[in-house]
Amino acid sequence: MRYFIVITSIFLLVSCSDVSNQQHEENENVAVDSIKGLNPGVSARIPYLLSYAVDSTQFPRSIETDGSVRGVPSKDWCSGFFPGSLMYLYQISGDQKFLDRAELWNPYIAKEQWNDKTHDMGFKVYCSIGQAYELTEKPAYKNVLIQAAKTLSTRFDPTVGCIKSWDFGTDRWDYPVIIDNMMNLELLFEVTQLTGDSSFYKIADSHAANTMINHYRTDFSSYHVIDYNPVTGQVQNQLTHQGFDVNSVWSRGQAWGLYGFTMAYRYTKDEAYLNQAINIWEFINSQNNMPEDNIPYWDMKDPSIPNAPLDASAAAVCASAALELYGFTNDEKYKAYALDLIETLSSDAYVLKPANTSPFLLGRSTGNWPKNDEIDAPLSYADYYFLEATFRAKELARN
């Protein structure tokens, strides 16, 4: 029965998003001057996103060292960002080509609604199908979101009070929870609003509350990994899987927290979450070893600074989060900070050159420094949050 439902959902999504070959050709030849709100350098890259062939196993994530595109299947945590970016381009430009193209990719993510081996349901499903439902209100998308929330909920343990992040690494931890997991709570909060089922809200709220207590140091910097004792629910270790070391400050982790607690406040109106977001921003903004343009090094405590790699993806996440934080506080410093980051990321220093034909906008991100992987590279999530920030800035200007 499950497989019948999956096939039916995919069929519905495909039938809803089908476009003709003529439209496909038009997508590949979109006029870059139609993208208002993006600078010419960014706009010049848009045709590369539209001409990238739709392939269920090749969602663009980054580029390899030889310059070829690193494509991944839907199970990869990055699969949702590319169609999500196309949908933000649709919202920025009003051009239907982008939504049509995104809807060719979305059906291949639908099966992830059943994938209970990952906490990354929000990244994969909400950034793609969640955004598509918001734009189109197609019932097939709503059904995927509800099942995805149910599947993600199976990873929640009430003793710990958090959603388990990973099933691997049992030699290193028993019940790992990573700061990134804050980003997947939006799916749960949203599905409560869609269904009226408060169980999803309660799980998300519990996870956020425990993360606020256990992931943060007194200066409001975040550990990457907290290992809980699954029997007692108590913290038994702090670790890192992506930072320089356990006591360093992995920049994207700080960005995930800033964004995650701002978003949690959106749904709960719990002042503790808003204050947490404000304190995280203050920590990030107070770092005295930040580059002059405020695009952070991949880890704020890397001893090789100022020669450490930068992470444009962390800056993009921070910019988007700060704009939402401004909306809740009306404090101009958050808006100014975000707009400065957007302007910097839109500059020639960070936008890929036109000769680079990969389906990405920005370069100079750091994916996984400990594994020496995706260093000084384009990343699909850098583009996604950059475009989200750009869209949010446009909405603020309109209002």
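View 1. At 8% relative accessibility, arginine 155 counts as buried; buried means under 20% relative accessible area, exposed over 50%, and partly exposed in between (1.4 Å probe, protein chains only). The model is predicted: local features need pLDDT of at least 70, side-chain atom pairs count only at pLDDT 80 or more, and totals for chains, interfaces and linings use all residues. Residues are numbered from 1 along each chain as its sequence is written, and side-chain values use heavy atoms, with hydrogens and water left out. The side chain of arginine 155 forms a salt bridge with that of aspartate 167, at 2.9 Å from N to O. Arginine 155 sits in the loop between α8 (139-153) and β3 (156-157) and aspartate 167 in the loop between β4 (162-163) and β5 (176-178), so the pair ties together parts that are 12 residues apart in sequence. Helices (H or I, at least four residues) and strands (E, at least two) are DSSP runs, numbered from the N terminus. A salt bridge here is a side-chain nitrogen of Lys or Arg within 4 Å of a carboxyl oxygen of Asp or Glu. By this rule the count comes to 18 salt bridges.

**View 2. Aspartate 167 with lysine 164.** Aspartate 167 also forms a salt bridge with lysine 164, where the closest N and O atoms are 4.0 Å apart. Both residues are partly exposed: aspartate 167 has a relative accessible area of 37%, and lysine 164 has one of 22%.

**View 3. The salt bridge between glutamate 186 and arginine 266.** The side chains of glutamate 186 and arginine 266 meet in a salt bridge of 2.9 Å, N to O. This pair links distant parts of the chain, with glutamate 186 in helix α9 (residues 185-195) and arginine 266 in helix α11 (residues 251-268), 80 residues apart. Glutamate 186 is buried, at a relative accessible area of 12%, whereas arginine 266 is partly exposed at 21%.

**View 4. A network of salt bridges.** The residues linked in this network are Arg61, Glu64, Arg70, Asp76, Asp373 and Glu374.

**View 5. Helix α9 against helix α10.** The axes of α9 and helix α10 (residues 198-214) come within 7 Å and cross at roughly 155°. α9 is therefore roughly antiparallel to α10. Axes are lines fitted to C-alpha atoms, for helices over the stretch in contact, and angles run from 0 to 180 degrees between N-to-C directions. Angles under 35 degrees count as roughly parallel, over 145 as roughly antiparallel, 65 to 115 as roughly perpendicular and the rest as oblique. The crossing of α9 and α10 is left-handed, a term used if the near helix is turned anticlockwise from the far one by less than a right angle, with right-handed used if clockwise. From α9, the contact involves Leu185, Leu188, Phe189, Val191, Thr192 and Thr195; from α10, Ser198, Phe200, Tyr201, Ile203, Ala204, Asp205, His207 and Ala208. Contact means heavy atoms within 4.5 Å. By class, the residues of this contact are 9 nonpolar, 4 polar and 1 charged. Ala, Val, Leu, Ile, Met, Phe, Trp, Tyr, Cys and Pro count as nonpolar, Asp, Glu, Lys and Arg as charged, and the others, Gly among them, as polar.

**View 6. Helix α11 against helix α12.** The axes of α11 and helix α12 (residues 271-285) come within 8 Å and cross at roughly 155°. The two helices, α11 and α12, are therefore roughly antiparallel to each other, and α11 passes α12 in a left-handed crossing. Residues of α11 in the contact include Leu258, Phe261 and Tyr265, and those of α12 include Leu274, Ala277 and Trp281. The contact of α11 with α12 divides into 11 nonpolar, 5 polar and 1 charged residues.

**View 7. Glutamine 276 in helix α12.** Glutamine 276 lies in helix α12 and is buried, with a relative accessible area of 5%. Not counting residues up to four places away in sequence, glutamine 276 touches Met212, Tyr216, Phe220 and Phe261.

**View 8. Tyrosine 108 in a loop.** Tyrosine 108 lies in the loop between α6 (96-105) and α7 (121-136). The residue is partly exposed, at 33% relative accessible area. Tyrosine 108 touches Val54, Ser56, Phe59 and Ser74, not counting residues up to four places away in sequence.
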